[in-house]
Amino acid sequence: MPAVQETIEQVKLLDVDKYKYGFITDVESDLAPKGLNEDIVRLISAKKGEPDWMLEWRLAAFRRWLTMEEPTWARVDYPKIDYQDLHYYAAPKLRATATSLDEIDPEILKTYAKLGIPLKEQEILAGIRKPDGGDVLEEAPGGEYASGRVAVDAVFDSVSVVTTFKKELAKAGVIFMPISEAIREYPDLVRKYLGTVVPASDNYFATLNSAVFSDGSFVYIPKGVRCPMELSTYFRINERNTGQFERTLVIADEGSYVSYLEGCTAPMRDENQLHAAVVELVALDDAEIKYSTVQNWYPGDPEGKGGVYNFVTKRGDCRGRNSKISWTQVETGSAITWKYPSCILRGDNSQGEFYSIAISNGRQQVDSGTKMIHLGKNTSSRIISKGIAAGRSDNTYRGLVSANRRASGARNFTQCDSLLIGDQCGAHTIPYIESKNASAVFEHEATTSKISDDQMFYCLQRGMSQEEAVALIVNGFVRDVLQKLPMEFMAETQRLIGISLEGSVG
Amino acid sequence: MLEIKNLHAEVEGQKILRGIDLTIRDGEVHAIMGPNGSGKSTLSYILAGKSDYEITEGEILFNGENLLEMEPDARAAAGVFLAFQYPIEIPGVGTMNFLKTAMNAQRKARGEPELTTPDFMRRVKEAAQTLKVSQDMLKRPLNVGFSGGEKKRMEILQMALLTPSLCVLDETDSGLDIDALRIVSEGVNALRSPERSFLVITHYQRLLDHIVPDVVHVMSKGRIVRTGGKELALELEAKGYADYVSEEAA
């Protein structure tokens, strides 16, 4: 089945409930009282059984946060958040640290099953999720990891509930576990890298995260190891009035390679949910990290009620020579998205990439982009951003490309394309370019277009419905980026594009 | 097959069609010739359901059904195909993907099962061979960077794959050199059958040397002013449209 057709099928299935992940799981939760103060920070740290240095780190961040002001420079608009009216810790009850699926609340397993996330290793091994083969004449979607095997870390509210394939990964020397566990089991490793890419004092939301982060994933790929499978984390916010603050730390040691996927969903709720995550990537000499995100938090209803505030700090440090970090993101959800996955190109000859598809519909607001900070010699970066605005949404690309004085031979290519559907939405491109080295070569291309009536009519004349035509044209528009996604995410993404734009025409 | 009765249409208050009557029976090939601005292309767009026109009078029956009440995609599924004078480019959308999406959309609308990939591939391969459409063209985004001749061949390829019952060809010969004209015409002729009718809109007679019509109409200022056999086209070629234009003016 061609992907577009599949998109349409999915849209049809979702007739009643556009946001299919909007259900609520009925589990008993261990919930910290509302509000934020030093005691809450201590409570979170104690719940996790953390060492003293970790608690001190959190408290320092918290004290710092108290002195900071919430930033207002992004092109987004939302009522003031009452940080004392949120829960900062929610954990599903009835679990110690689960070692097998049998120990997990069946309601949670059902949740992940509904989300289509396979947690049972045997199912993955059996290859049940292998995507349908594409047309022979279409280029085969790339990726060496076409084996269909993905190791999953599932995070439910504030805690990681299960991590699959742990043993097999351990054989390769790969560490993939909840960060709360890593803090206990590999304190030296965590302490060496935590906060070295996104310092605890970095920005308002990152500092808040540093104080109260509850869980997230930790990945360490040892020297010279190609991680034998895709690693993946699925984040799910369930509990009401709960902030989700994950912390992800990925370290690729010299000459290693890892591809990491991240997916997010949340129930439909009338009130807004805050999500303020921090992701730090470190690539040492000759290492490569590929980090892909499909973000589909609840976007709110068509009138703009409810939805997730997605205020995220993601940054990768190409610390070693010849290292490479590649961000690929598909942003379809959230009421407000505010994130700029960035690369610090510190090592000589290091490379950074940012491929983005950001779709906004209804009343969604997106302010997203990247920063490519060229520090080392002969560093290069590439930015391909595809923004699609529909409904009454606002979609902004904001990006910084900078070359340090020492960054001789720095190169950047940026392409920002915006597509407008309808006449009540907005697309904005705000590039910042700073070069302090005369040998740097930065290129920037930007286009804004609309789906033309002629294109629509042509597709309709060939028998496609309005929705089919829009899905086809939009999938064509984002094709360059789509091809950068791991195969497991391509089909899902094409479906999402169709769903996100449902009702945007006609 | 098609019955157009006293069709009047306008764009932004400007009258384009002023009472068209036209009946095309199953299997017939009709040609409409006429000077620029006579309303030929408008008629083709109205048949396909483009929304820019206001129908002020008249009706169109397609196999007895009121065509004007059908959405463009429903018309396509019912068997109306328009080969565009200026085929549209769709960046990023692979031609194969486009073809398959269109074919399956129509099949679904008619309650038929989707094509299997091998079946689809076989059909495309066959049609592509006849029309000298290269594999390379099929791999590229639809019509993007195609030459004029390639675009027209792609239109006929789509026509062959979608197997419509009424094919409207809007100036398909424009921008074609002699060889391309022959290939396109052969492609069209191969599709002629007792169940399929054609409305060939053209400015020049040369296309009708290759696609020989049963009936030729002359259109001028929104009306059909003369109807005859295929010899009418030759007469027009010799004398030009001047008579009709001045006749109207007189």
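First, the ground rules. This is a predicted model, where local features need pLDDT of at least 70, side-chain atom pairs count only at pLDDT 80 or more, and totals for chains, interfaces and linings use all residues. Residues are numbered from 1 along each chain as its sequence is written, chains are lettered from A in the order in which they are written, and side-chain values use heavy atoms, without hydrogens and water.

Now the interface. Chain B brings 40 residues to the contact and chain A brings 27 residues; contact means heavy atoms within 4.5 Å. Together they bury about 3000 Å², 63% of it on carbon and sulfur atoms. That is accessible area (1.4 Å probe) lost on being put together, summed over both parts. On the chain B side, Asp73(B), Ile88(B) and Thr101(B) lose the most area, together 17% of what that side buries.

Next, charges. How many salt bridges link chain B and chain A? Three. The term means a side-chain nitrogen of Lys or Arg within 4 Å of a carboxyl oxygen of Asp or Glu. One of them pairs Glu155(B) with Arg462(A), closest N and O atoms 2.6 Å apart.

Last, the helix pair. Helices here are DSSP runs (H or I, at least four residues), numbered from the N terminus. The axes of α3(B) and α6(B) come within 10 Å and cross at roughly 35°. Those axes are lines fitted to C-alpha atoms over the stretch in contact, with angles from 0 to 180 degrees between N-to-C directions. Among the residues making this contact are Phe98(B) of α3(B) and Leu157(B) of α6(B).

Notes
Buried area = accessible area lost by both parts, 1.4 Å probe. Helix = DSSP H or I, 4+ residues; strand = E, 2+ residues; numbered from the N terminus.
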